[in-house]
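Biologist: I am new to this structure. Please walk me through it, one question at a time.

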Amino acid sequence: MIPKIITGKGSTRRLIAYLFGKGDANEHVDPHLVASWNDFAPDPGRSPHRDPKQVEKQLFTQLDQPVAMLGRRAPQTTVWHCPVRAAPEDPILSDAQWAEIARRIVAAAGIAPAGDTEACRWVAVRHADDHIHIAATLVRQDGRRPRRDFDIRAVQREARQIEVDYGLRRLKPGDGTAAKRPTSKEHFKAKRLGQEATTRDVLRQRVRRAVAAAVDEAEFFALLDATGVTVRLKRGPSGDALGCNFALPGDTNDKGEPVFYTGSTLAPDLSLPQIRRRLATTSPEPVAVRPGNPWHQATAAIERIPHHLTHGDDSTAQGQLVALGAALDLLPVTAPAALKAKLEQAAAVFERATRSRITADLDSTRVLRRSVQTIWRDRPQDRDGAGFAMLLDAALTAVAFAIHWHRIRQHAQQEAATEQALFHLQVAYAQVAGPVLVGLASRAPSPQTKRRFAHHLQQAVPEHAERILADSAWDALATVLAEAESAGHKAAIVLDQALGQRTLDDARSPARALTWRIRRLGERRPPSPRAEAARAHPVQPAAAAPPSQPQSARQR
(Lines give C-alpha, C1' and ligand atoms only; values in the text may rest on other atoms or scores of the structure.)
Protein backbone atom coordinates (compact mmCIF):
# COMPACT_ATOMS: atom_id res chain seq x y z
CA MET A 1 0.00 0.00 0.00
CA ILE A 2 1.51 3.28 -1.13
CA PRO A 3 0.44 6.61 0.40
CA LYS A 4 1.84 9.77 -1.15
CA ILE A 5 1.48 13.18 0.49
CA ILE A 6 1.11 16.30 -1.65
CA THR A 7 0.54 19.80 -0.23
CA GLY A 8 -0.71 22.94 -1.93
CA LYS A 9 -2.05 26.45 -1.56
CA GLY A 10 -5.47 28.02 -1.78
CA SER A 11 -8.84 26.28 -1.88
CA THR A 12 -9.68 22.59 -2.25
CA ARG A 13 -12.03 23.52 -5.11
CA ARG A 14 -9.83 22.27 -7.96
CA LEU A 15 -8.86 19.12 -6.09
CA ILE A 16 -12.50 18.22 -5.38
CA ALA A 17 -13.43 18.94 -9.01
CA TYR A 18 -10.67 16.58 -10.20
CA LEU A 19 -11.57 13.80 -7.77
CA PHE A 20 -15.24 13.83 -8.77
CA GLY A 21 -14.54 14.43 -12.47
CA LYS A 22 -13.92 11.95 -15.26
CA GLY A 23 -10.13 12.04 -14.94
CA ASP A 24 -7.53 12.86 -17.58
CA ALA A 25 -8.29 9.67 -19.51
CA ASN A 26 -11.84 8.98 -18.36
CA GLU A 27 -10.37 6.62 -15.79
CA HIS A 28 -12.54 7.70 -12.85
CA VAL A 29 -15.39 5.28 -12.20
CA ASP A 30 -18.24 6.00 -9.77
CA PRO A 31 -16.50 8.69 -7.67
CA HIS A 32 -17.99 8.93 -4.18
CA LEU A 33 -17.08 9.57 -0.54
CA VAL A 34 -16.17 6.63 1.68
CA ALA A 35 -15.41 8.69 4.80
CA SER A 36 -15.22 12.26 6.06
CA TRP A 37 -14.37 14.26 9.18
CA ASN A 38 -17.98 14.14 10.43
CA ASP A 39 -19.32 11.12 8.48
CA PHE A 40 -22.09 13.18 6.84
CA ALA A 41 -20.24 15.55 4.49
CA PRO A 42 -22.00 16.36 1.17
CA ASP A 43 -21.29 13.60 -1.39
CA PRO A 44 -21.44 14.70 -5.06
CA GLY A 45 -21.35 11.05 -6.10
CA ARG A 46 -24.34 10.01 -3.99
CA SER A 47 -26.75 12.94 -4.50
CA PRO A 48 -28.81 11.87 -7.55
CA HIS A 49 -31.49 14.56 -7.15
CA ARG A 50 -29.09 17.50 -6.95
CA ASP A 51 -26.73 19.19 -9.38
CA PRO A 52 -23.32 17.52 -8.76
CA LYS A 53 -21.52 20.85 -9.26
CA GLN A 54 -23.59 22.45 -6.53
CA VAL A 55 -22.81 19.57 -4.19
CA GLU A 56 -19.10 19.87 -5.04
CA LYS A 57 -19.25 23.58 -4.16
CA GLN A 58 -20.96 22.79 -0.87
CA LEU A 59 -18.31 20.19 -0.10
CA PHE A 60 -15.22 22.30 -0.80
CA THR A 61 -16.79 25.28 0.97
CA GLN A 62 -17.22 23.21 4.13
CA LEU A 63 -13.69 21.84 3.81
CA ASP A 64 -12.24 25.34 3.37
CA GLN A 65 -14.29 26.98 6.14
CA PRO A 66 -11.63 26.77 8.92
CA VAL A 67 -9.08 28.33 6.54
CA ALA A 68 -11.50 31.06 5.47
CA MET A 69 -12.20 31.94 9.11
CA LEU A 70 -8.55 32.92 9.60
CA GLY A 71 -8.54 35.29 6.65
CA ARG A 72 -5.08 36.83 6.22
CA ARG A 73 -3.78 34.87 9.20
CA ALA A 74 -4.24 31.60 7.28
CA PRO A 75 -1.03 29.62 6.60
CA GLN A 76 0.49 29.67 3.13
CA THR A 77 0.09 25.91 2.68
CA THR A 78 -3.53 24.98 3.22
CA VAL A 79 -4.28 21.82 1.18
CA TRP A 80 -3.19 18.30 2.14
CA HIS A 81 -3.75 15.60 -0.48
CA CYS A 82 -2.83 11.93 0.02
CA PRO A 83 -3.59 9.26 -2.60
CA VAL A 84 -3.45 5.76 -1.05
CA ARG A 85 -2.99 2.95 -3.56
CA ALA A 86 -3.12 -0.83 -3.10
CA ALA A 87 -0.88 -3.19 -5.06
CA PRO A 88 -2.30 -4.74 -8.27
CA GLU A 89 -2.31 -8.21 -6.72
CA ASP A 90 -4.15 -7.09 -3.55
CA PRO A 91 -7.81 -8.05 -3.08
CA ILE A 92 -10.41 -5.39 -3.84
CA LEU A 93 -11.29 -3.66 -0.58
CA SER A 94 -14.81 -2.58 0.36
CA ASP A 95 -15.83 1.03 0.97
CA ALA A 96 -15.97 0.30 4.70
CA GLN A 97 -12.40 -1.04 4.65
CA TRP A 98 -11.14 1.99 2.72
CA ALA A 99 -12.97 4.25 5.20
CA GLU A 100 -11.14 2.66 8.12
CA ILE A 101 -7.81 2.92 6.25
CA ALA A 102 -8.46 6.62 5.59
CA ARG A 103 -9.13 7.26 9.29
CA ARG A 104 -5.89 5.53 10.24
CA ILE A 105 -3.91 7.54 7.68
CA VAL A 106 -5.21 10.96 8.79
CA ALA A 107 -4.68 10.00 12.43
CA ALA A 108 -1.09 8.90 11.79
CA ALA A 109 -0.39 12.10 9.84
CA GLY A 110 -1.68 14.33 12.63
CA ILE A 111 -4.48 15.67 10.41
CA ALA A 112 -7.25 14.13 12.53
CA PRO A 113 -6.06 12.21 15.61
CA ALA A 114 -8.60 9.69 16.89
CA GLY A 115 -11.17 11.29 19.21
CA ASP A 116 -10.13 14.87 18.37
CA THR A 117 -13.40 16.66 17.52
CA GLU A 118 -11.60 19.92 16.65
CA ALA A 119 -9.21 18.34 14.16
CA CYS A 120 -8.81 19.30 10.49
CA ARG A 121 -11.62 18.65 8.05
CA TRP A 122 -11.00 15.90 5.54
CA VAL A 123 -12.75 13.57 3.07
CA ALA A 124 -11.78 10.28 1.42
CA VAL A 125 -12.87 9.86 -2.21
CA ARG A 126 -12.93 6.58 -4.09
CA HIS A 127 -13.13 6.55 -7.87
CA ALA A 128 -11.37 3.24 -8.64
CA ASP A 129 -11.11 -0.23 -7.13
CA ASP A 130 -7.48 0.04 -6.06
CA HIS A 131 -7.10 3.45 -4.43
CA ILE A 132 -8.63 6.40 -2.60
CA HIS A 133 -7.72 10.07 -2.32
CA ILE A 134 -7.75 11.88 1.00
CA ALA A 135 -8.26 15.65 0.77
CA ALA A 136 -7.88 17.84 3.86
CA THR A 137 -7.30 21.43 4.85
CA LEU A 138 -4.38 22.36 7.11
CA VAL A 139 -6.24 24.45 9.66
CA ARG A 140 -8.00 22.77 12.57
CA GLN A 141 -11.59 23.64 13.36
CA ASP A 142 -10.38 25.49 16.46
CA GLY A 143 -8.16 27.69 14.27
CA ARG A 144 -4.85 26.10 15.20
CA ARG A 145 -2.49 24.31 12.84
CA PRO A 146 -2.21 20.52 13.00
CA ARG A 147 0.88 18.90 14.48
CA ARG A 148 2.06 16.84 11.56
CA ASP A 149 5.77 16.54 12.26
CA PHE A 150 7.34 13.95 9.95
CA ASP A 151 3.91 13.07 8.56
CA ILE A 152 5.43 11.33 5.52
CA ARG A 153 7.34 8.85 7.68
CA ALA A 154 4.41 8.40 10.06
CA VAL A 155 2.02 7.64 7.20
CA GLN A 156 4.47 5.16 5.68
CA ARG A 157 4.79 3.35 9.02
CA GLU A 158 1.01 3.17 9.32
CA ALA A 159 0.75 1.84 5.76
CA ARG A 160 3.15 -0.99 6.61
CA GLN A 161 0.93 -1.92 9.58
CA ILE A 162 -2.23 -1.70 7.44
CA GLU A 163 -0.64 -4.19 5.02
CA VAL A 164 -0.20 -6.63 7.89
CA ASP A 165 -3.69 -6.10 9.30
CA TYR A 166 -5.47 -6.50 5.95
CA GLY A 167 -3.25 -9.21 4.49
CA LEU A 168 -2.02 -6.98 1.66
CA ARG A 169 1.26 -7.08 -0.19
CA ARG A 170 3.90 -5.99 2.29
CA LEU A 171 6.25 -3.33 0.97
CA LYS A 172 9.72 -2.80 2.34
CA PRO A 173 10.23 0.13 4.72
CA GLY A 174 12.21 2.93 3.09
CA ASP A 175 14.81 5.42 4.25
CA GLY A 176 13.76 8.42 2.20
CA THR A 177 16.31 7.87 -0.59
CA ALA A 178 14.05 6.18 -3.15
CA ALA A 179 13.31 7.80 -6.50
CA LYS A 180 9.90 9.38 -6.86
CA ARG A 181 7.38 7.02 -8.44
CA PRO A 182 5.36 8.04 -11.52
CA THR A 183 1.93 9.35 -10.61
CA SER A 184 -1.27 7.72 -11.84
CA LYS A 185 -1.74 10.70 -14.17
CA GLU A 186 1.69 10.03 -15.68
CA HIS A 187 0.83 6.36 -16.16
CA PHE A 188 -2.46 7.21 -17.88
CA LYS A 189 -0.72 9.77 -20.07
CA ALA A 190 1.90 7.23 -21.16
CA LYS A 191 -0.85 4.73 -21.93
CA ARG A 192 -2.81 7.32 -23.91
CA LEU A 193 0.31 8.19 -25.95
CA GLY A 194 1.14 4.53 -26.56
CA GLN A 195 4.37 4.67 -24.54
CA GLU A 196 5.68 1.61 -22.72
CA ALA A 197 7.14 3.72 -19.91
CA THR A 198 6.30 7.05 -18.33
CA THR A 199 8.27 10.16 -19.22
CA ARG A 200 9.68 10.22 -15.68
CA ASP A 201 11.10 6.70 -16.04
CA VAL A 202 12.51 7.39 -19.52
CA LEU A 203 14.19 10.59 -18.35
CA ARG A 204 15.63 8.87 -15.28
CA GLN A 205 17.20 6.17 -17.44
CA ARG A 206 18.64 8.63 -19.97
CA VAL A 207 20.03 11.02 -17.38
CA ARG A 208 21.60 8.17 -15.38
CA ARG A 209 23.14 6.76 -18.55
CA ALA A 210 24.55 10.17 -19.49
CA VAL A 211 26.06 10.56 -16.01
CA ALA A 212 27.63 7.11 -16.29
CA ALA A 213 29.08 7.80 -19.76
CA ALA A 214 30.26 11.41 -19.46
CA VAL A 215 33.75 12.46 -18.38
CA ASP A 216 32.76 16.07 -17.69
CA GLU A 217 29.76 18.37 -17.51
CA ALA A 218 30.00 19.47 -21.15
CA GLU A 219 29.87 15.90 -22.39
CA PHE A 220 27.00 15.14 -20.01
CA PHE A 221 24.82 17.83 -21.58
CA ALA A 222 25.96 16.83 -25.09
CA LEU A 223 24.91 13.23 -24.47
CA LEU A 224 21.50 14.35 -23.22
CA ASP A 225 21.04 16.44 -26.35
CA ALA A 226 22.03 13.48 -28.52
CA THR A 227 19.38 11.30 -26.86
CA GLY A 228 16.62 13.88 -27.35
CA VAL A 229 16.47 15.25 -23.80
CA THR A 230 15.73 18.97 -23.49
CA VAL A 231 17.64 20.67 -20.65
CA ARG A 232 16.68 23.92 -18.93
CA LEU A 233 19.26 25.31 -16.54
CA LYS A 234 18.38 27.22 -13.38
CA ARG A 235 20.91 30.02 -12.95
CA GLY A 236 21.82 32.13 -9.96
CA PRO A 237 22.39 35.90 -9.92
CA SER A 238 26.01 35.31 -10.96
CA GLY A 239 24.90 33.39 -14.04
CA ASP A 240 26.24 30.09 -12.73
CA ALA A 241 24.07 27.02 -13.25
CA LEU A 242 22.57 25.94 -9.92
CA GLY A 243 20.17 23.25 -11.12
CA CYS A 244 18.70 21.71 -14.22
CA ASN A 245 15.33 20.48 -15.44
CA PHE A 246 14.76 17.82 -18.07
CA ALA A 247 11.99 17.22 -20.62
CA LEU A 248 11.23 14.93 -23.56
CA PRO A 249 10.09 16.24 -26.95
CA GLY A 250 6.38 15.69 -27.42
CA ASP A 251 5.62 15.52 -23.71
CA THR A 252 3.62 18.70 -23.23
CA ASN A 253 0.94 20.10 -20.95
CA ASP A 254 -2.49 21.32 -22.03
CA LYS A 255 -0.90 24.61 -23.18
CA GLY A 256 1.54 22.81 -25.48
CA GLU A 257 4.51 23.60 -23.24
CA PRO A 258 7.18 21.00 -22.43
CA VAL A 259 6.73 19.23 -19.09
CA PHE A 260 10.02 19.65 -17.20
CA TYR A 261 11.19 17.46 -14.33
CA THR A 262 13.83 18.62 -11.89
CA GLY A 263 16.76 16.25 -11.52
CA SER A 264 16.07 15.67 -7.83
CA THR A 265 12.49 14.55 -8.58
CA LEU A 266 13.82 11.95 -11.02
CA ALA A 267 16.09 10.62 -8.27
CA PRO A 268 17.79 12.15 -5.22
CA ASP A 269 21.23 11.68 -6.80
CA LEU A 270 20.32 13.37 -10.11
CA SER A 271 20.33 16.96 -8.89
CA LEU A 272 23.00 19.06 -10.60
CA PRO A 273 25.27 19.23 -7.49
CA GLN A 274 25.11 15.44 -7.11
CA ILE A 275 25.78 14.93 -10.82
CA ARG A 276 28.81 17.19 -10.61
CA ARG A 277 30.10 15.19 -7.68
CA ARG A 278 29.80 11.99 -9.72
CA LEU A 279 31.50 13.52 -12.74
CA ALA A 280 34.44 14.60 -10.60
CA THR A 281 35.45 10.92 -10.33
CA THR A 282 35.97 10.73 -14.11
CA SER A 283 37.62 14.10 -14.67
CA PRO A 284 40.98 13.87 -16.47
CA GLU A 285 43.19 13.46 -13.41
CA PRO A 286 46.06 10.98 -13.16
CA VAL A 287 44.83 7.55 -12.19
CA ALA A 288 46.57 4.19 -12.23
CA VAL A 289 44.90 2.60 -15.26
CA ARG A 290 47.47 0.82 -17.37
CA PRO A 291 46.76 0.33 -21.07
CA GLY A 292 45.10 -3.00 -21.60
CA ASN A 293 41.89 -4.79 -22.38
CA PRO A 294 39.06 -2.68 -20.89
CA TRP A 295 36.88 -5.78 -20.51
CA HIS A 296 39.55 -7.27 -18.27
CA GLN A 297 40.10 -4.02 -16.37
CA ALA A 298 36.38 -3.55 -15.71
CA THR A 299 36.03 -7.17 -14.62
CA ALA A 300 39.00 -6.92 -12.28
CA ALA A 301 37.56 -3.74 -10.74
CA ILE A 302 34.16 -5.38 -10.22
CA GLU A 303 35.86 -8.42 -8.69
CA ARG A 304 37.29 -6.13 -6.01
CA ILE A 305 33.84 -4.89 -4.97
CA PRO A 306 33.13 -7.85 -2.61
CA HIS A 307 36.37 -7.05 -0.75
CA HIS A 308 35.28 -3.42 -0.36
CA LEU A 309 31.87 -4.54 0.89
CA THR A 310 33.31 -6.93 3.46
CA HIS A 311 36.47 -5.10 4.56
CA GLY A 312 36.00 -1.43 3.66
CA ASP A 313 34.20 1.30 5.56
CA ASP A 314 30.56 2.02 4.78
CA SER A 315 31.22 5.12 2.68
CA THR A 316 33.67 3.29 0.43
CA ALA A 317 31.29 0.35 0.08
CA GLN A 318 28.41 2.65 -0.84
CA GLY A 319 30.64 4.31 -3.43
CA GLN A 320 31.42 0.94 -4.97
CA LEU A 321 27.69 0.25 -5.34
CA VAL A 322 27.26 3.62 -7.06
CA ALA A 323 30.01 2.68 -9.53
CA LEU A 324 28.50 -0.78 -10.07
CA GLY A 325 25.15 0.86 -10.78
CA ALA A 326 26.79 3.13 -13.36
CA ALA A 327 28.38 0.09 -15.02
CA LEU A 328 24.99 -1.62 -15.21
CA ASP A 329 23.49 1.57 -16.68
CA LEU A 330 25.93 1.43 -19.62
CA LEU A 331 26.04 -2.33 -20.24
CA PRO A 332 22.75 -2.49 -22.19
CA VAL A 333 24.17 -0.03 -24.74
CA THR A 334 27.07 -2.36 -25.56
CA ALA A 335 25.21 -5.66 -25.13
CA PRO A 336 23.97 -7.98 -27.87
CA ALA A 337 20.36 -7.27 -28.81
CA ALA A 338 19.07 -10.43 -27.08
CA LEU A 339 20.44 -9.23 -23.72
CA LYS A 340 19.40 -5.57 -23.76
CA ALA A 341 15.95 -6.00 -22.19
CA LYS A 342 17.15 -8.06 -19.21
CA LEU A 343 20.15 -5.82 -18.61
CA GLU A 344 17.96 -2.70 -18.72
CA GLN A 345 15.65 -4.31 -16.17
CA ALA A 346 18.63 -5.14 -13.96
CA ALA A 347 19.96 -1.58 -14.17
CA ALA A 348 16.53 -0.08 -13.48
CA VAL A 349 15.97 -2.05 -10.27
CA PHE A 350 19.59 -1.88 -9.07
CA GLU A 351 19.31 1.92 -9.22
CA ARG A 352 17.49 1.72 -5.86
CA ALA A 353 20.45 -0.15 -4.34
CA THR A 354 22.90 2.64 -5.17
CA ARG A 355 21.49 5.05 -2.57
CA SER A 356 21.08 4.93 1.18
CA ARG A 357 21.58 7.30 4.09
CA ILE A 358 25.30 6.46 3.90
CA THR A 359 27.25 9.08 1.95
CA ALA A 360 29.14 7.45 -0.90
CA ASP A 361 32.92 7.88 -1.15
CA LEU A 362 33.59 7.82 -4.90
CA ASP A 363 37.38 8.21 -4.87
CA SER A 364 38.00 4.47 -5.15
CA THR A 365 35.70 4.03 -8.15
CA ARG A 366 37.73 5.75 -10.86
CA VAL A 367 39.20 2.64 -12.49
CA LEU A 368 35.84 0.91 -12.80
CA ARG A 369 34.08 3.99 -14.16
CA ARG A 370 36.79 4.74 -16.71
CA SER A 371 37.13 1.17 -17.95
CA VAL A 372 33.37 0.82 -18.42
CA GLN A 373 33.33 4.20 -20.19
CA THR A 374 36.07 2.92 -22.50
CA ILE A 375 33.95 -0.14 -23.34
CA TRP A 376 30.97 2.14 -24.06
CA ARG A 377 32.98 4.63 -26.12
CA ASP A 378 35.44 2.42 -28.05
CA ARG A 379 33.47 -0.87 -28.27
CA PRO A 380 36.67 -2.99 -27.93
CA GLN A 381 36.83 -6.35 -29.62
CA ASP A 382 35.14 -9.21 -27.77
CA ARG A 383 35.56 -11.92 -30.36
CA ASP A 384 33.48 -14.68 -28.79
CA GLY A 385 31.54 -12.84 -26.08
CA ALA A 386 33.88 -14.01 -23.34
CA GLY A 387 34.64 -10.45 -22.22
CA PHE A 388 30.98 -9.73 -21.65
CA ALA A 389 30.44 -13.09 -19.97
CA MET A 390 33.32 -12.70 -17.53
CA LEU A 391 32.22 -9.17 -16.64
CA LEU A 392 28.67 -10.39 -15.92
CA ASP A 393 30.05 -13.27 -13.87
CA ALA A 394 31.97 -10.80 -11.69
CA ALA A 395 28.89 -8.56 -11.46
CA LEU A 396 26.77 -11.49 -10.24
CA THR A 397 29.15 -12.09 -7.36
CA ALA A 398 29.30 -8.37 -6.53
CA VAL A 399 25.49 -8.09 -6.54
CA ALA A 400 25.18 -11.15 -4.30
CA PHE A 401 27.53 -9.48 -1.79
CA ALA A 402 25.52 -6.26 -2.11
CA ILE A 403 22.40 -8.13 -1.00
CA HIS A 404 24.15 -9.22 2.19
CA TRP A 405 25.66 -5.74 2.74
CA HIS A 406 22.25 -4.07 2.56
CA ARG A 407 20.61 -6.82 4.65
CA ILE A 408 22.90 -6.46 7.65
CA ARG A 409 22.35 -2.68 7.56
CA GLN A 410 18.58 -3.17 7.41
CA HIS A 411 18.23 -1.42 4.04
CA ALA A 412 15.07 -3.35 3.21
CA GLN A 413 14.17 -1.63 -0.07
CA GLN A 414 17.75 -1.76 -1.34
CA GLU A 415 18.04 -5.42 -0.42
CA ALA A 416 14.83 -6.26 -2.31
CA ALA A 417 15.96 -4.24 -5.35
CA THR A 418 19.34 -5.99 -5.38
CA GLU A 419 17.67 -9.40 -5.28
CA GLN A 420 15.58 -8.44 -8.31
CA ALA A 421 18.68 -7.21 -10.13
CA LEU A 422 20.45 -10.50 -9.37
CA PHE A 423 17.61 -12.45 -11.01
CA HIS A 424 17.73 -10.38 -14.21
CA LEU A 425 21.55 -10.61 -14.37
CA GLN A 426 21.42 -14.40 -13.93
CA VAL A 427 19.11 -14.70 -16.91
CA ALA A 428 21.37 -12.46 -19.03
CA TYR A 429 24.50 -14.30 -17.91
CA ALA A 430 23.05 -17.69 -18.83
CA GLN A 431 22.26 -16.39 -22.31
CA VAL A 432 25.74 -15.03 -22.98
CA ALA A 433 27.93 -17.49 -21.03
CA GLY A 434 26.34 -20.70 -22.30
CA PRO A 435 27.44 -20.36 -25.95
CA VAL A 436 30.91 -19.11 -24.92
CA LEU A 437 31.51 -22.10 -22.65
CA VAL A 438 30.21 -24.52 -25.29
CA GLY A 439 32.57 -22.98 -27.83
CA LEU A 440 35.52 -23.31 -25.47
CA ALA A 441 34.61 -26.89 -24.56
CA SER A 442 34.52 -27.83 -28.24
CA ARG A 443 38.27 -27.04 -28.38
CA ALA A 444 39.15 -29.06 -25.28
CA PRO A 445 42.72 -30.46 -25.26
CA SER A 446 43.61 -34.14 -25.34
CA PRO A 447 42.69 -36.44 -22.42
CA GLN A 448 46.36 -36.62 -21.48
CA THR A 449 46.62 -32.83 -21.22
CA LYS A 450 43.39 -32.69 -19.23
CA ARG A 451 44.77 -35.27 -16.78
CA ARG A 452 47.86 -33.14 -16.32
CA PHE A 453 45.72 -30.07 -15.63
CA ALA A 454 43.56 -32.10 -13.26
CA HIS A 455 46.70 -33.07 -11.33
CA HIS A 456 47.64 -29.36 -11.05
CA LEU A 457 44.17 -28.63 -9.70
CA GLN A 458 44.29 -31.39 -7.11
CA GLN A 459 47.66 -30.12 -5.94
CA ALA A 460 46.72 -26.42 -5.89
CA VAL A 461 43.14 -26.47 -4.60
CA PRO A 462 42.28 -29.92 -3.23
CA GLU A 463 39.17 -28.66 -1.42
CA HIS A 464 37.53 -27.64 -4.72
CA ALA A 465 39.16 -30.05 -7.20
CA GLU A 466 36.42 -32.70 -7.14
CA ARG A 467 33.68 -30.14 -7.69
CA ILE A 468 35.59 -28.44 -10.52
CA LEU A 469 36.34 -31.71 -12.33
CA ALA A 470 32.66 -32.68 -12.14
CA ASP A 471 31.47 -29.30 -13.40
CA SER A 472 30.14 -28.99 -16.95
CA ALA A 473 32.60 -26.09 -17.42
CA TRP A 474 35.66 -28.28 -16.81
CA ASP A 475 36.31 -28.76 -20.53
CA ALA A 476 36.15 -24.99 -21.05
CA LEU A 477 38.60 -24.48 -18.18
CA ALA A 478 40.97 -27.04 -19.68
CA THR A 479 40.78 -25.20 -23.02
CA VAL A 480 41.79 -21.81 -21.57
CA LEU A 481 44.64 -23.47 -19.65
CA ALA A 482 45.85 -25.06 -22.89
CA GLU A 483 45.53 -21.73 -24.75
CA ALA A 484 47.51 -20.00 -21.98
CA GLU A 485 50.28 -22.59 -22.43
CA SER A 486 50.26 -22.05 -26.20
CA ALA A 487 50.70 -18.33 -25.57
CA GLY A 488 53.84 -18.98 -23.54
CA HIS A 489 52.49 -19.24 -19.99
CA LYS A 490 53.01 -22.14 -17.62
CA ALA A 491 49.69 -23.74 -16.71
CA ALA A 492 50.60 -24.35 -13.08
CA ILE A 493 51.72 -20.75 -12.56
CA VAL A 494 48.65 -19.27 -14.28
CA LEU A 495 46.43 -21.52 -12.20
CA ASP A 496 48.13 -20.36 -9.01
CA GLN A 497 47.72 -16.73 -10.06
CA ALA A 498 44.02 -17.26 -10.76
CA LEU A 499 43.52 -18.92 -7.38
CA GLY A 500 45.36 -16.08 -5.68
CA GLN A 501 43.05 -13.40 -7.10
CA ARG A 502 40.12 -14.38 -4.91
CA THR A 503 38.87 -17.32 -2.87
CA LEU A 504 36.56 -19.83 -4.57
CA ASP A 505 34.59 -20.45 -1.39
CA ASP A 506 31.74 -18.18 -2.42
CA ALA A 507 31.85 -18.87 -6.16
CA ARG A 508 28.65 -20.25 -7.63
CA SER A 509 30.74 -22.30 -10.06
CA PRO A 510 34.46 -22.52 -9.25
CA ALA A 511 35.11 -23.97 -12.73
CA ARG A 512 33.50 -20.99 -14.45
CA ALA A 513 35.20 -18.50 -12.12
CA LEU A 514 38.60 -20.00 -12.92
CA THR A 515 37.79 -20.14 -16.64
CA TRP A 516 37.22 -16.38 -16.81
CA ARG A 517 40.23 -15.57 -14.62
CA ILE A 518 42.61 -17.76 -16.60
CA ARG A 519 41.20 -16.42 -19.87
CA ARG A 520 42.20 -12.93 -18.73
CA LEU A 521 45.61 -14.02 -17.46
CA GLY A 522 46.31 -16.06 -20.58
CA GLU A 523 45.75 -13.06 -22.84
CA ARG A 524 48.43 -11.07 -21.04
CA ARG A 525 51.98 -11.01 -22.36
CA PRO A 526 53.84 -14.04 -20.98
CA PRO A 527 56.72 -13.30 -18.60
CA SER A 528 60.23 -13.11 -20.07
CA PRO A 529 62.81 -15.82 -19.22
CA ARG A 530 64.52 -13.34 -16.88
CA ALA A 531 61.22 -12.72 -15.04
CA GLU A 532 60.62 -16.46 -14.80
CA ALA A 533 64.10 -16.94 -13.36
CA ALA A 534 63.54 -14.13 -10.86
CA ARG A 535 60.26 -15.73 -9.76
CA ALA A 536 61.92 -19.13 -9.38
CA HIS A 537 64.93 -17.72 -7.45
CA PRO A 538 63.85 -14.57 -5.65
CA VAL A 539 66.63 -12.30 -4.42
CA GLN A 540 67.02 -12.48 -0.66
CA PRO A 541 67.18 -9.08 1.08
CA ALA A 542 70.52 -8.17 2.60
CA ALA A 543 70.80 -8.86 6.32
CA ALA A 544 70.36 -5.75 8.41
CA ALA A 545 73.13 -4.62 10.77
CA PRO A 546 72.59 -5.29 14.47
CA PRO A 547 70.45 -2.55 15.98
CA SER A 548 73.08 -1.69 18.58
CA GLN A 549 75.77 -1.04 15.97
CA PRO A 550 76.10 2.71 15.35
CA GLN A 551 76.01 4.14 11.82
CA SER A 552 79.63 5.29 11.98
CA ALA A 553 80.81 1.78 12.90
CA ARG A 554 78.96 0.27 9.89
CA GLN A 555 80.59 2.84 7.62
CA ARG A 556 84.01 1.96 8.90
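Modeller: Two strands count as paired if DSSP finds at least two bridges between them. Keep in mind that this is a predicted model.

Biologist: Over how many bridges do β4 and strand β6 pair?

Modeller: β6 covers residues 131–140. H81 stands opposite A135 in β6. The two strands run in the antiparallel sense, and the count of bridges between β4 and β6 is 7.

Biologist: Which residue in β4 is the bridge partner of T7?

Modeller: Strand β2 spans residues 6–8. It is joined to β4 by 3 bridges, and the two run antiparallel. For T7, the partner in β4 is W80.

Biologist: And which residue in β4 is the bridge partner of I2?

Modeller: Strand β1 is made of residues 2–3. It runs antiparallel to β4, with 2 bridges between them. For I2, the partner is R85.

Biologist: How many residues of strand β4 are buried?

Modeller: Buried means under 20% relative accessible area. Strand β4 runs over residues 79–85 and is mostly covered. Of its 7 residues, the number buried is 6.

Biologist: Which residues touch the most other members of the largest nonpolar core?

Modeller: That core holds 104 residues. Its largest share, 15 residues, comes from helix α15, residues 386–408. A second, separate core has 43 residues, including V34, V79, I101 and I134. In the largest core, the residues touching the most other members are F220 and L514.

Biologist: Leaving aside neighbours within four places in sequence, which residues is F220 in contact with?

Modeller: Contact here means heavy atoms within 4.5 Å. With those sequence neighbours set aside, F220 contacts V207, A210, V211, A214, F246, I275 and L279.

Definitions and conventions:
Residues are numbered from 1 along each chain as its sequence is written. This is a predicted model: local features need pLDDT of at least 70, side-chain atom pairs count only at pLDDT 80 or more; totals for chains, interfaces and linings use all residues. Side-chain values use heavy atoms; hydrogens and water are left out. A nonpolar core is a set of buried Ala, Val, Leu, Ile, Met, Phe, Trp, Tyr and Cys residues joined through side-chain atoms within 4.5 Å. Buried means under 20% relative accessible area, exposed over 50%, partly exposed in between (1.4 Å probe, protein chains only). Helices (H or I, at least four residues) and strands (E, at least two) are DSSP runs, numbered from the N terminus.
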